[in-house]
Every structure is written in structure tokens, then in C-alpha cells.
Amino acid sequence: METKRAIDLGGVRLAPYSPCISVGNHIWVAGQIGTDGGDSLGEQTTRCLEKIDDLLVEAGSSKKDLVRVTVLLLDMGDFSDFNEIYGAWLDGTVLPARAAFAVKELPGGAKVEVVAEAILGCGGQ
């Protein structure tokens, strides 16, 4: 049986959870927000994607291994702006499956939260 491993790069957490968990070659990244990157949707999106990059690297992976992403937006009017940054971030990869939802509120006053799932090594070299 594979062992569950928590991946934590420190930083402020607003609730009790592990930022990332791996079991075997499966990696789950908890919802990341980017309020420490600024107030705008663009700044917050860029920061939460940077956090996902960092957690995946610590897990021995990269965004090339992403298989599923869930996006939570405070305002669906930000969908296009989010997609512009998200698409550039994933340039050169096989795009993961994705769902996006508008929500009433996000932790810490965030405008966006991104949850991700990866399979180690599935994206090639």
C-alpha cells in the first residue's frame, strides 16, 4: 500500500488542511488563493498558479502532469481575464480537464481559488 505524504511549503493557511497530498504517483493540490500577490484578479491568479507550480515541483512533478483543475471565481465576469492568464501558464502542455464555477464568497477575500490534480510523470519529460 502506498503512503500518504503531505507537501507543505509553509505560508499562511486559513483552515486546517495540507496544501498538497501525494499517494504514489497521484498528487492533489488543495485550493490555492493568491491574495498575497495583490488585490486584482490578475495578480491573484498569477500568485495562486505560482503556488501550484511550487507545490507540484516539491512533489516531484510539474504542471505538465496536471489532469484536472477546478476554478472558483468570485465573479463569472472575470472568466475571460482568468482564462488569458491560465492559458498562458499552461502553454506547451496537454491541457487538463477543467471545471469553473462562480461562488458567493472565497476565503480571505480572494477573487479566485484553483484546485488541481496531477499524475506524476504522465506529462512526459
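Colleague: Where does Ala-59 lie?

Modeller: Ala-59 sits in the loop that runs between helix 1 and strand 4; helices (H or I, at least four residues) and strands (E, at least two) are DSSP runs numbered from the N terminus. This is a predicted model, in which local features need pLDDT of at least 70 and side-chain atom pairs count only at pLDDT 80 or more, while totals for chains, interfaces and linings use all residues. Residues are numbered from 1 along each chain as its sequence is written, and side-chain values use heavy atoms, with hydrogens and water left out.

Colleague: Is Ala-59 buried or exposed?

Modeller: Ala-59 has a relative accessible area of 9%, so it is buried (under 20% relative accessible area; exposed is over 50% and partly exposed in between, with a 1.4 Å probe and protein chains only).

Colleague: Which residues does Ala-59 touch, not counting those up to four places away in sequence?

Modeller: They are Arg-5, Ile-7, Ile-27 and Leu-120, where contact means heavy atoms within 4.5 Å.

Colleague: What about Asp-65: where does it lie?

Modeller: Asp-65 is in the loop between helix 1 (41-58) and strand 4 (66-73). Asp-65 is buried but has no salt bridge (a side-chain nitrogen of Lys or Arg within 4 Å of a carboxyl oxygen of Asp or Glu). The nearest side chain of opposite charge belongs to Lys-64, 8.6 Å away; Lys and Arg count as positive, Asp and Glu as negative, and His and the chain ends are not counted.

Colleague: Changing topic, in what order do the strands of the sheet run?

Modeller: The order is 1-2-3-6-4-5, in an open sheet of six strands with mixed pairing; two strands pair if DSSP finds at least two bridges between them. Strand 1 (4-7) and strand 5 (97-102) each have a single partner strand and stand at the edges, so one side of each has no neighbour in the sheet.

Colleague: How many bridges join strand 1 and strand 2?

Modeller: Four bridges, in the antiparallel sense. Arg-5 stands opposite Ser-22 of strand 2.

Colleague: And which residues touch the most other members of the largest nonpolar core?

Modeller: Val-29, Ile-52, Leu-66, Phe-82, Val-112 and Val-114 do, in a core of 23 residues. Such a core is a set of buried Ala, Val, Leu, Ile, Met, Phe, Trp, Tyr and Cys residues joined through side-chain atoms within 4.5 Å. Helix 1 gives the largest share of this core, six residues.
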